[in-house]
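Welcome! Take a moment to turn the model around on your screen, and then let us walk through it together.

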Amino acid sequence: MADATARRPARTTTVRAGAAASAAVEGVRRGCRSVAWYLRDLMGDNAYQAYLEHHRTQHGPEHPPLTEREFWRQRMDEQDRNPGARCC
Amino acid sequence: MTSQPPRTDIGAEPIGDRPPDPEFRTDPDLPPTAVPEAESERERKWTLPKILLWGAISLLGGVAWTMLAIVRGETVNAVWFVFAAVCTYLIGYRFYSKVIERYIARPDDRRATPAEVRADGKDYHATDRRVLFGHHFAAIAGAGPLVGPVLAAQMGYLPGTIWIIVGVILAGAVQDYLVLFFSMRRGGRTIGQMARDELGRIGGTAAIIASLLIMLIIIAILALVVVNALGESPWGVFSVSMTIPIALLMGVYLRYLRPGRITEVSLIGFVLLIAAIVAGGWVASTPWGAETFTLDRTTIAWGIIVYGFIAAVLPVWLLLAPRDYLSTFMKIGVIVVLAGAIVLVRPEITVPAISEFAGGELGPVFSGSLFPFLFVTIACGALSGFHALIASGTTPKLLEKERQSRFIGYGGMLMESFVAIMALVAAISLDRGIYFAMNSSAAATGGTIEGAVAFVNSLGLTGVNLTPDMLSSTAEAVGEESIVSRTGGAPTLALGLANIMQQAFGGAAMAGFWYHFAIMFEALFILTAVDAGTRVARFMLQDSIGNVIPKFKDTAWRPGVWITTAIMVAGWGYILILGVTDPLGGINTFFPLFGIANQLLAVIALAVVLAIVAKRGRSYFKWLWIVGLPLGFAAVVTITASMFKIFSPVPQVGYWANHIAFRNALDAGETSFGTAGTVEAMEAVVRNTFVQGTLSIVFVTLAITVLVTSLVTTARAIRNGGGENHEDPPVPSRRFAPAGLVATPAEKALERDWAALPADRRPETVRH
């Protein structure tokens with residue numbers, strides 16, 4: 001494989017290097033996106049989306065879902081009534 | 001073989017030897033909800049690359065253990081700890097946890113989890129396994145695995161290392177996995193409720209009272225660790241106090257400005273936190289700052305008590321939730337950075353494998369012989385009963401598929417164990433002289449540099465020659481007034497971490513920053529545990545009083561909230577104040593109580609699991625040892641430790657022996673005795689040992705009650721060939737997800753089948 005590359009004209013090698021670089025950039029971008037996805041899911045940013053999806057499948061249009069603000073308010077107040085433990 | 005449930009494509013084997021439920025059918029229009037047995041069978045086959053891979057892992061692990069345990073050079077490199085731990089975890093996870101899965105848990109992915117059956121978009125919702133792993137880890141791991149191993153380093157590195165690594169594989173992770181699994185099969189019932197269902201009224205009540213009391217003692221002693229870390233440290237006090245306004249700001253931001261932007265607000269909070277640490281160094285260097293923020297330990301303890309009460313009655317959104325976000329954020333970050341730094345710096349360890357104190361029971365950091373006290377000093381990281389409270393209740397309601405419980409429960413605990421190993425490495429990378437000067441109580445060192453040098457050098461430790469200059473220059477390097485008798489583990493870990501981190505990032509100029517960064521995250525983890533623990537304890541109390549006075553069950557009734565919060569805060573606050581003012585040192589006498597309490601909770605949890613497994617039926621009986629082994633070991637350790645604490649005639653070990661010695665001295669009209677220089681101090685010892693001794697008796701009695709009821713239940717189940725089934729009825733699942741971190745080829749194929757379904761037939765999902 002290395003031999004084959006060496007015998008090719010220089011221009012092709014540059015093009016290849018460019019392709020490799022853009023693939024690397026794409027890889028880094030995908031990596032960053034996964035980290036961002038993970039972090040957001042872990043911290044719970046997507047809870048409202050999950051609620052909307054759940055709501056859509058369970059209720060008809062006659063029950064409008066909570067607004068984002070109402071949802072977060074209820075979610076926090078719920079935790080007041082139902083605390084979760086944190087370990088040592 | 002009866003030990004392996006037959007699996008067919010549709011009819012299910014819901015539990016043990018019971019006949020399959022004829023109603024149980026998976027939807028034939030959907031792709032399979034579980035990997036077909038033939039596929040799993042094929043994946044279990046050994047191929048050459050697999051054999052080579054596991055051979056290499058075993059070999060590397062074996063070499064690492066040899067370097068740690070057998071080759072006795074002058075030093076050992078820290079990287080061997082990492083290899084020994086990681087290779088052993090991989091082997092334990094790949095082999096032992098699969099044995100547990102196959103013969104004890106016997107999950108069935110065709111059954112829907114509570115998250116699917118009861119999906120409400122809130123408490124119950126199927127969560128991506130990798131995200132849930134992070135959630136679960138953030139909930140179980142805190143300051144515990146960072147503190148215990150540091151104290152246990154008194155006995156040398158080897159006993160602690162073996163217990164952390166072997167203990168987690170055979171005990172801690174087994175408990176977490178099985179509690180999680182069985183709670184999941186019961187719709188997420190808590191360990192207390194399961195105890196009542198399985199063991200009856202007496203065992204159940206004892207388990208609930210024990211968990212409540214144990215929670216209080218754990219909060220008290222964690223708070224004591226924070227107090228000791230912040231005492232006489234203006235830098236620490238300033239930066240940790242700043243977490244309160246930062247959390248309030250985050251709370252208001254999330255409530256009124258941008259609801260739901262949790263990652264965003266956590267990043268803002270993190271930047272502010274770093275600013276608070278940097279600012280702390282500057283504030284502490286000014287005369288007014290040093291004067292305002294240099295507080296003695298009793299004042300700080302009262303501060304935490306008042307704070308604990310206010311935090312527990314304030315609405316969650318204002319203080320607790322934002323602090324929890326910040327804490328989760330820090331947890332993940334700190335562990336990644338710490339592991340990276342240890343691998344990057346690879347410090348040489350000069351601490352002996354087994355120290356001079358391993359054979360006796362009078363070490364200055366904690367008293368008591370290696371067996372059983374090493375095993376209670378390191379609780380979190382090897383076997384932590386508290387996890388049973390998390391693994392039942394919260395996490396099981398979020399599991400997407402049954403088979404994921406192994407990755408979340410067993411894997412999550414392995415991760416915590418790894419944190420404990422890193423804490424141990426950080427502590428033993430310090431000079432031993434400095435280690436003992438920091439961790440011997442002020443009663444021994446007098447709290448002065450001269451006293452500490454004289455005391456440590458008098459211990460007769462090989463290779464230790466402590467000079468006053470070493471202590472003063474180390475303290476100066478991290479921006480502290482003094483490092484003598486900074487007991488509790490947190491400052492030692494912070495110093496070890498600062499040493500490692502400054503070699504990796506920033507150099508000596510950054511040592512002060514890294515030290516206070518470590519103090520800050522330990523304090524953050526502990527204060528989050530204090531807030532949340534007080535709330536949970538109050539909730540349990542409200543529930544219990546509510547059985548007599550129904551009004552208390554109404555969680556919106558403010559007087560009820562205030563009264564029960566006050567009772568719980570008074571409970572842990574009292575023990576905290578006793579610890580802070582203890583003339584014998586505090587941590588060294590109270591920490592064993594923390595470990596014993598935590599492990600007794602593990603005994604209770606494993607006892608409940610034992611009864612559950614025995615009730616599942618005959619084919620489970622010959623695998624009962626998997627639960628019986630950790631249960632037996634933890635029971636022997638904690639009961640022996642409790643007996644030492646109650647009956648040992650050695651005053652440093654036995655609470656009552658000390659109690660009687662001091663009372664006799666008082667009766668004889670003496671005005672000083674041992675390390676207590678005044679009559680008040682002697683009276684304090686008499687009072688403290690009474691409280692400690694009484695708590696020891698109460699804890700061990702409750703745990704033995706639960707243990708006995710469990711053994712009786714188990715014996716009855718064995719005689720009857722099984723017992724009643726408290727699991728929720730099986731419901732066919734309508735979704736699929738891989739079981740482990742990485743999807744296998746068969747799982748990937750199924751995922752593709754599911755992804756190919758038209759959108760209206762796909763199950764709701766939180767993934768995008």
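Predicted model: local features only at pLDDT ≥ 70, side-chain atom pairs only at ≥ 80, totals over all residues.

The mean pLDDT of chain A is 79, with 83% of its residues at 70 or more. Among the elements of chain A, helix 4 has the highest mean pLDDT (87), whereas helix 1 (residues 2-7) has the lowest (43). Residues 1-9 of chain A are a stretch to read with care: pLDDT stays under 50 there, and the model has two contacts beyond four places in sequence for these residues.

How is chain A built overall? Chain A has four helices and zero strands, giving the pattern α-α-α-α along the sequence. Of the 88 residues in chain A, 17% are buried.

Now move over to chain B and find helix 21 (residues 490-504). Helix 21 of chain B has 15 residues and spans 21 Å from its first C-alpha to its last, close to the 21 Å expected at 1.5 Å a residue. Is helix 21 of chain B mostly covered or mostly uncovered? Helix 21 of chain B is mostly covered, as 13 of its 15 residues are buried. After helix 21 of chain B comes B:Gly506, which has a positive phi, near 95°.

Our last stop is a pair of helices in chain B. The axes of helix 12 (residues 297-313) and helix 22 (residues 511-546) of chain B come within 9 Å and cross at roughly 65°. The crossing of helix 12 of chain B with helix 22 of chain B is right-handed. Which residues meet here? From helix 12 of chain B come B:Gly308, B:Ala311 and B:Ala312, and across from them in helix 22 of chain B are B:Val530, B:Asp531, B:Thr534, B:Arg535 and B:Arg538. By class, this contact between helix 12 and helix 22 of chain B has three nonpolar, two polar and three charged residues.

Note on methods. Residues numbered from 1 in each chain as written. Chains lettered and ligands numbered in written order. Axes fitted to C-alpha atoms, helices over the stretch in contact; angles between N-to-C directions. Helix = DSSP H or I, 4+ residues; strand = E, 2+ residues; numbered from the N terminus. Left-handed = near helix turned anticlockwise from the far one by under 90°. Contact = placed C-beta atoms within 7 Å. Nonpolar A, V, L, I, M, F, W, Y, C, P; charged D, E, K, R; others polar. Expected span 1.5 Å × (residues − 1). Buried ≥ 20, exposed ≤ 12 C-beta atoms within 10 Å, placed from the backbone. pLDDT = per-residue confidence, 0-100.
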